[in-house]
Amino acid sequence: MENSLKSHIGNKVSSWYRDHGRHNLPWRKNITPYRIWISEIMLQQTQVNTAIDYFNKFMKRYPDLKSIKSAKEDDIYALWSGLGYYRRASYIFRAKELIHKDFNGQMPDDFNSLLSLPGIGRSTAGAILSIAFKKPYPILDANVKKVIARIFHKKKFNEKEFWHLSESLLDKKGIFSYQQGIMDIGAQLCMPKKPHCALCPIQNDCISNKLNSYVTLEKRKPKKKEVFLQFNLFSEGEKYFLSKSDDLGFWKNLWIPPVSIVEKCNFDIVHQLSHRSLKIAFNEQTNIRPDIEGKWFSREELKTIGIPKPISDRLLLNG
Ligand code: SF4
């Protein structure tokens, strides 16, 4: 496909966004580099609909870089409770420390400085630069990949090809609208099974539409390891005993009840992590006391600290 044709696609995408894009998403209002950064980190592994409430809650507490300056890591974990992929909360904590230490409390507006911050890879840096600073950098999230695969009707790309195509499609002058438009086409029109091609601004340029054959990118599913966990629930009145532990290799900054990894057990629930399938059993402990360091939390306090979702669901349900 000629380069002029590719930039012509970019123009169509940006003008479609102005009329049909999801302008109501909260991070697309009152746009600042900080708001785009937080939303992009949330959206890395979370669906838009789930991220909205978390984003609003986060912005209510920390509306800007100044307000988040003195936040402790625990405060950020508490706001992240239930969202999963908790490493992202730690990235935000560490990145905001560096922004205040090395960048004068301002989000950097150059690619290499952004990449130096924890949790910011090439695509997230591209999103911050293009949407918040209106600089022509490409992004490559799952939606953009899907649309590129469909336009060129190819199932397999290596990352280098993907980046090259993503860059070649950009509408550099209308980068703000283009970037959000290509994401919206991926999310709203270019559905996995039945894409809404009749509504799509690039229907005449898209090879999949012309062939009436819609490729889906081949995904490698990680093989998940089964892990059996027994949590001991110690309660006293309406208080629960929780601690922080490095032993599991995940959730290390979150509050959890004392836990043992066992070979097998009759489990109450299954909870999926990216590379592990957790089979979880809860044992109510009434006669013995915990023998590790930790704290007792009331029901109200449980709502203000960082706890993994399967644990908070169980504890708050019990209360
Ligand atoms: S024309 Fe259809 S298949 Fe092609 S990008 Fe648009 S929605 Fe996807």
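## Two domains in one chain

The chain is divided into domain 1 (3-211) and domain 2 (225-318), bounds that come from an automatic or database domain assignment. The model is a predicted one, in which local features need pLDDT of at least 70 and side-chain atom pairs count only at pLDDT 80 or more, while totals for chains, interfaces and linings use all residues. Residues are numbered from 1 along each chain as its sequence is written.

Taken over C-alpha atoms, the centres of domain 1 and domain 2 are separated by 34 Å. Where the domains meet, 10 residues of domain 1 are in contact with 9 residues of domain 2, a contact being a pair of residues whose C-beta atoms, placed from the backbone, lie within 7 Å. Helix H5 gives the most to the side of domain 1 that touches domain 2, with 5 residues. By class, this side of domain 1 has 4 nonpolar, 4 polar and 2 charged residues, where Ala, Val, Leu, Ile, Met, Phe, Trp, Tyr, Cys and Pro count as nonpolar, Asp, Glu, Lys and Arg as charged, and the others, Gly among them, as polar.

## Overall fold

There are 14 helices and 6 strands in the chain; these are DSSP runs numbered from the N terminus, with helices (H or I) of at least four residues and strands (E) of at least two. Along the principal axes, the C-alpha atoms of the chain fill a box of roughly 75 × 45 × 30 Å. Among contacts between residues at least 6 apart in sequence, 68% join residues at least 24 apart.

Of the 319 residues of the chain, 32% count as buried. A residue is called buried if 20 or more other C-beta atoms lie within 10 Å of its own, exposed if 12 or fewer do, and partly exposed in between, with the C-beta atoms placed from the backbone.

## The nonpolar core

The largest nonpolar core has 70 residues, and those with the most contacts inside it are Val13, Ile38 and Ile128. Such a core is a set of buried Ala, Val, Leu, Ile, Met, Phe, Trp, Tyr and Cys residues joined through C-beta atoms within 7 Å. Helix H2 (residues 33-43) gives the most to this core, with 7 residues, and the core draws at least three residues from each of domain 1 and domain 2. In soluble globular proteins, nonpolar side chains tend to be buried together.

Leaving aside neighbours within four places in sequence, Ile128 is in contact with Pro33, Ile36, Trp37, Glu40 and Leu114. Elsewhere, Ile9 lies in helix H1 (residues 3-20) and is buried, because 22 other C-beta atoms lie within 10 Å. Ile9 and Leu169 are 160 residues apart in sequence, yet their C-alpha atoms are 6.6 Å apart in space. Not counting residues up to four places away in sequence, Ile9 touches Leu169, Ile202 and Asp205.

## Helix H5

In helix H5 (residues 73-80), the residues Ile76, Tyr77 and Trp80 are buried. They lie on the same side of H5, because they cover an arc of only 105° around the axis, the arc being that of the directions from the helix axis to the C-beta atoms. An α-helix has 3.6 residues a turn, so residues three or four places apart point the same way.

The buried residues of H5 pack against helix H6 (87-102). H5 is followed by Gly82, whose phi is positive, near 95°.

## Around the ligand

Of the 15 residues around the ligand, Cys190, Pro195, Cys197, Cys200 and Cys206 come nearest; a residue is near a molecule if its C-beta atom, placed from the backbone, lies within 6 Å of it. The elements that give two or more residues to this shell are helix H9 (142-152) and helix H12 (207-211), and the largest share, 3 residues, comes from H9. By class, the shell has 10 nonpolar, 4 polar and 1 charged residues.

## Loop residues with positive phi

Lys134 is found in the loop between helix H8 (122-132) and H9, and its phi is near 55°, a positive value in a residue other than glycine. Lys134 counts as partly exposed because it has 15 C-beta neighbours inside 10 Å.

His153, in the loop between H9 and helix H10 (159-169), has a positive phi of about 50° although it is not a glycine. With 15 other C-beta atoms within 10 Å, His153 is partly exposed.

Terms used:
Contact = placed C-beta atoms within 7 Å.
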